[in-house]
Every structure is written in C-alpha cells, then in structure tokens.
Amino acid sequence: METIEKDICQKVGYFQKPHGIKGALSMIFEPQYDISLEEEPTLFVEIDGLLVPYFFSEEGIRFKTAESALIHLDWVEDEEEARKLAGHSVYLKNDDVIVPEEELTVHHLIGFQLQDPEIGQIGLIERVEDYGGNLLFQVQYQNKEVLVPFNEELLLDLDETKRTITIQCPEGIFDLE
C-alpha cells in the first residue's frame, strides 16, 4: 500500500467523536476548508503517523456550523468503528484544497475590527457562528463576550485594507446582561 506524504497535504481538522450508532463522526474543521470538504470525496486520516485514505459514503457530509460537520465514511458503519477514528487529524491533498478567488466570505472576517456608527469600535471578531443561516459575530465588548447578529442589510462599510467592518448593530444589544 502506497502512503501519502504529509508535505503534500494540508491538515483541515479532526474527528471529535462518534455521532449516533451508525458510524457517523462529528468533525471540527477550519472554516476556510468548507468548500474543499464539500467538493472532495477523499479525506486522509492520520493513524500511527501515516495518512490513510477514507472516502465519503453515500450520506457524505452535513454541515452543522461554520466549523463542524457530520461525516459518513465508507466502511465505518457503527459507533465502535467511528470511536476508533475519534481524535484523529484529518487532511486533504494540497491540490484538492479550493481557494476561493478573491471572494471574501464571512469567515475571513475573523480578526476584523467590528464597528457601529453610533458606538464606534466594538471589538475584534473572534469567531463567526452560523446557526442555520443566521450569522453571529463573537466579540469581546467591555470585557464581556457578545454575539452580534449579522446580515447584509446591516452592513454599512467593509474595508479589507484597514480590516474593519461597520454594521448597524441592533439597538440595545450591548445592554443585555
């Protein structure tokens, strides 16, 4: 059996734990790899230092959040087999990683300074959560974690050079305790 070298692969995440009793796995991944995972039917799982190929089964992948998904693999048909893969790193070949062309996705906004026209600077976007199409920016505001809802109607300005995003925040969102 020919092995795949790590230097031609990119680590994209890891299997967190089994999901259910039919062999599904919960996978945590970096959000920039969502398109690659959706398009590529082969994953490489690091087992004993070697990258072992696994193929999506017919059920494939179902995204739960921007950074997690349920994965169904061929030959992994029960909880016991899935448990053996829990905690293992997942890779894709570098050639299979899809880099969006100049397309800024909401996950690229992590690290941007979030601003409001009345409040001013709010804080750095630490995470972007996707709850069924409802996007939330996680920021630290006055030493508290705040989830700020986002949709394109709220967007006032986006400056990629300065790494700032200005949105009209919902009234009273920062007054919640």
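Below, a few words are checked against this structure, which is a predicted model.

Me: How do you know that β1 and β6 are paired?
Reply: Pairing takes at least two bridges between the strands. Strand β1 (residues 9-19) and strand β6 (residues 89-93) are joined by 5 bridges, so they pass, and they run antiparallel. You can pick out partners too: glutamine 10 bridges to leucine 92 in β6, and tyrosine 14 bridges to serine 89 in β6.

Me: What makes β1 and β2 a pair as well?
Reply: Count the bridges again: there are 6 of them between β1 and strand β2 (residues 24-29), in the antiparallel sense. One of the bridges has proline 18 facing leucine 25 in β2. The two strands form a hairpin with 4 residues between them, and glycine 20 in that turn has a positive phi of about 80 degrees.

Me: What holds paired strands together, in general?
Reply: Strands of a sheet pair through backbone hydrogen bonds, and the pairing can be parallel or antiparallel.

Me: Why is the contact between lysine 6 and glutamate 46 called a salt bridge?
Reply: The test is a side-chain nitrogen of Lys or Arg within 4 Å of a carboxyl oxygen of Asp or Glu. For lysine 6 and glutamate 46 the N to O distance is 2.3 Å, so the pair qualifies. They sit 40 residues apart, with lysine 6 in the segment before β1 and glutamate 46 in strand β3.

Me: Is each of them, lysine 6 and glutamate 46, buried or partly exposed?
Reply: Buried means under 20% relative accessible area. Glutamate 46 has 18%, so glutamate 46 is buried. Lysine 6 has 36%, which puts lysine 6 in the partly exposed group.

Me: What makes arginine 83 and glutamate 79 a salt bridge?
Reply: Their closest N and O atoms are 2.5 Å apart, and the limit is within 4 Å, so they count. Both lie in helix α2, 4 residues apart, about one turn of the helix. Arginine 83 is partly exposed at 48%, and glutamate 79 is partly exposed at 32%.

Me: How do you know that glutamate 129 is buried?
Reply: Its relative accessible area is 11%, and the cut-off is under 20%, so glutamate 129 is buried. Arginine 127, with 32%, counts as partly exposed. These two form a salt bridge with closest N and O atoms 2.8 Å apart, and shared partners join Glu67, Arg127 and Glu129 into one network. The structure holds 4 salt bridges.

Me: Which residues touch the most other members of the largest nonpolar core?
Reply: Among its 20 residues, those are Phe15, Met27, Leu37, Leu43, Ile71, Leu73 and Leu85. Elements giving two or more residues to this core include β1, β2, α2 and β6. A second, separate core has 19 residues, including Ile122, Tyr141, Val146 and Cys169.

Me: What does methionine 27 touch beyond its neighbours within four places in sequence?
Reply: Its contacts include Val12, Phe15, Leu37, Ile71 and Val90, along with Glu67 and Ser68.

Me: Why would nonpolar side chains gather like that?
Reply: In soluble globular proteins, they tend to be buried together.

Note on methods
Residues numbered from 1 in each chain as written. Predicted model: local features only at pLDDT ≥ 70, side-chain atom pairs only at ≥ 80, totals over all residues. Heavy atoms only, no water. Core = buried A, V, L, I, M, F, W, Y, C linked by side-chain atoms within 4.5 Å. Buried < 20%, exposed > 50% of the residue type's maximum accessible area, 1.4 Å probe, protein only. Contact = heavy atoms within 4.5 Å.
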